[in-house]
Amino acid sequence: PFVLALRRPDGSEERLHARAVIDASGTYQTPNPLGASGVPALGEEAHAGRIFYGIPDVLGAHRARYSGRRVLVVGSGHSAFNVLLDLAQLARKAPATRVAWAFRRPAGDRRLFGGAGKDALSARGDLGARTRALVQSGAVLLVPSFRLEALERTPEGVVARDGEHRLPAVDEVVATTGFRPDHAPLRELRLSLDASVEAPAALAPLIDPNLHSCGSVPPHGEAELRHPEQGFYVVGMKAYGRAPTFLLLTGYEQVRSVVAYLTGDLQAAREVQLVLPETGVCNTDFRTVESATLAGVCSDGACATSVAPVEQVAAGGCCA
């Protein structure tokens, strides 16, 4: 049997035996660092009190933290969209609130805001469309092609740096830079993980965003989630490793298939019925960006914004 080493909140320890183990612990407690290279930025640990990883409750429990403050949101994706839209709503009631958005993608990358009306998941498409409109309104300072290397303390506040390129000082930083699985508790088990995506080896080619940027992930279940350690499975968001395309419906079907297999219903385990909505945007979609793009131009602490038409050819590569 498996041996689970447990530590309870009161500090006491226990050992349990199990015939099978399903790890559904997710990735939300292990966010990626702010550093663009995948390791913490210089000064990131020292400024931890000014950084929130994930999506803060801007309009609720964390309202006082961001109201009337200067906020830098780092990262591109749906988490960033949620934060930016919430901060913009907060700014309408607290006009002193200032928002800047920095990310690694170039300004003209047509994948930045997603598929909009072409997204088969309408709520996801609407999220990107609303964020595009927010940026074009001038309510957010856009800082594209920014690879954060360091955070520095100045008399004016915290300054983010990319080489010699420094952004204006801010009071708070929100890191929407994605998440990664924590495999440390599993190091005694025989795992088969893809070296890039950090998902089960059979699942990784199906979800790799370099190969499936359109959201065209085929159905998968117990068979794709297996590891050499018989009876052990990782399901849910953690099963996707570092791929950013996970939807809850995927996790529900993964669990159903795995549990069916463990209880002996092999036919139900094989009959995975899952149709995932496509994102409506692909890495190799070579088209001109027709709409104007708001670009932030910053140098030595001074920033200006300009609206200019951008012509960009999208290039292949993993989501940033």
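Strand β6, which spans residues 98-102, is mostly covered, since four of its five residues are buried, where buried means under 20% relative accessible area, exposed over 50% and partly exposed in between, with a 1.4 Å probe and protein chains only. Strands and helices here are DSSP runs, of at least two residues (E) and at least four (H or I) respectively, numbered from the N terminus. The model is predicted, so local features need pLDDT of at least 70 and side-chain atom pairs count only at pLDDT 80 or more, whereas totals for chains, interfaces and linings use all residues. Residues are numbered from 1 along each chain as its sequence is written, and side-chain values use heavy atoms, leaving out hydrogens and water.

On one side, β6 pairs in the parallel sense with strand β5 (residues 70-74) over five bridges, pairing being called when DSSP finds at least two bridges between two strands; V71 has V99 in β6 as its bridge partner.

Together with helix α3 (residues 122-136), β6 and β7 make a right-handed β-α-β unit.

An open, antiparallel sheet has the strand order β8-β9-β10. Its edges are β8 (150-154) and β10 (165-166), each with a single partner strand, so one side of each lacks a neighbour in the sheet.

Conventions: Right-handed = clockwise from strand over helix to strand, strands pointing away.
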